Amino acid sequence: MNNKIILVITFLVMSFNCSLVFAAPDEIYLFRHSEKLTGKNPALSEVGKARANNLVTFFKEYQNIHIFSSNYKRTLQTAAPLQAYFNTDVNVYNAGELSDLKNELLKLKGVVVVIGHSNTTPQLAELLSNEKVPAMSETQFTQYFILNKKPSSNGSEYDVTHHKMSF
């Protein structure tokens with residue numbers, strides 16, 4: 001009897017660990033925050049607010065998404081329309097700890113949206129794809145990345161594609 005209990009517990013533990021190994025988002029979208037005002041920790045400009053509102057159109061086809069933002073006004077305000085549309089929380093991450101963010105993202109399933117900065121967005125794309133990604137300039141607000149699981153990977157490797165917003 002004890003052997004059966006140990007066997008069942010072992011099976012459950014292994015099943016749980018296997019589900020974590022194979023959990024990974026289907027798609028990861030990486031955006032830089034929208035246009036900002038000047039100053040320390042600035043808010044979005046009117047153009048930036050309009051661009052942030054337009055992000056909702058990218059994701060209307062999904063029932064829910066995971067949203068991540070650094071803890072700055074401009075990134076949180078960029079994420080706010082998505083947060084309101086999906087009635088969900090924004091997960092705040094430390095922009096200086098991108099390896100930790102990568103590990104957190106790879107535990108999720110579904111669609112993930114990360115709002116970052118001109119320096120962190122390409123860095124995160126590189127961490128997730130193991131590909132060289134060109135830097136973003138301080139004035140570049142329309143470029144974004146989509147990462148899709150590589151077909152032959154175990155869920156932790158992604159192909160990255162570069163895109164430009166049309167709005």
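Strand β2 is largely enclosed by the rest of the structure, because 4 of its 5 residues are buried (buried means under 20% relative accessible area, exposed over 50%, partly exposed in between, with a 1.4 Å probe and protein chains only). Helices (H or I, at least four residues) and strands (E, at least two) are DSSP runs, numbered from the N terminus. The model is a predicted one, so local features need pLDDT of at least 70 and side-chain atom pairs count only at pLDDT 80 or more, while totals for chains, interfaces and linings use all residues. Residues are numbered from 1 along each chain as its sequence is written, and side-chain values use heavy atoms, with hydrogens and water left out.

Now for the overall layout. The protein chain holds 6 helices and 6 strands, and along the sequence they follow the pattern α-β-α-α-β-α-β-α-β-α-β-β. Of the 167 residues in the protein chain, 44% are buried. Take the contacts between residues at least 6 apart in sequence (contact means heavy atoms within 4.5 Å): 61% of them join residues at least 24 apart.

The 6 strands form an open sheet with mixed pairing, in the order β3-β2-β4-β1-β5-β6. Two strands pair if DSSP finds at least two bridges between them. At the edges stand β3 (90–93) and β6 (158–164), each with a single partner strand, so one side of each has no neighbour in the sheet. On average, neighbouring strands of this sheet are turned by 20 degrees against each other, direction ignored (axes are lines fitted to C-alpha atoms, for helices over the stretch in contact, and angles run from 0 to 180 degrees between N-to-C directions).

Phe68 stands opposite Val114 in β4, and Ile67 has Val113 of β4 as its bridge partner. As background, strands of a sheet pair through backbone hydrogen bonds, either parallel or antiparallel.

Helix α4 (residues 73–86) packs on this sheet, where it touches β2, β3 and β4, and its direction makes about 165 degrees with that of β2. Ala80 lies in α4 and counts as partly exposed, at 31% relative accessibility. The C-alpha atoms of Ala80 and Ser69 are separated by 9.7 Å, with the two residues 11 apart along the chain.

Elsewhere in the sheet, Gln143 has its place in strand β5 (residues 143–149). Gln143 is buried, with a relative accessible area of 13%. Leaving aside residues up to four places away in sequence, Gln143 touches Met136, His162 and His163.

Next, a pair of helices. The axes of α5 (residues 98–105) and α6 (residues 120–129) come within 10 Å and cross at roughly 55 degrees. These two helices are therefore oblique to each other (angles under 35 degrees count as roughly parallel, over 145 as roughly antiparallel, 65 to 115 as roughly perpendicular and the rest as oblique). The crossing of α5 and α6 is right-handed; a crossing is left-handed if the near helix is turned anticlockwise from the far one by less than a right angle, and right-handed if clockwise. On the α5 side, the contact is made by Leu98, Ser99, Leu101, Lys102 and Leu105, and on the α6 side by Thr120, Gln123, Leu124, Leu127 and Leu128. By class, the residues of this contact are 6 nonpolar, 3 polar and 1 charged (Ala, Val, Leu, Ile, Met, Phe, Trp, Tyr, Cys and Pro count as nonpolar, Asp, Glu, Lys and Arg as charged, and the others, Gly among them, as polar).

Most residues other than glycine have a negative phi. Asn87, in the loop between α4 and β3, has a positive phi, near 50 degrees. Asn87 is exposed, with a relative accessible area of 71%. Asn130, in the loop between α6 and β5, also has a positive phi, of about 60 degrees, although it is not a glycine. Asn130 is exposed too, at a relative accessible area of 61%.
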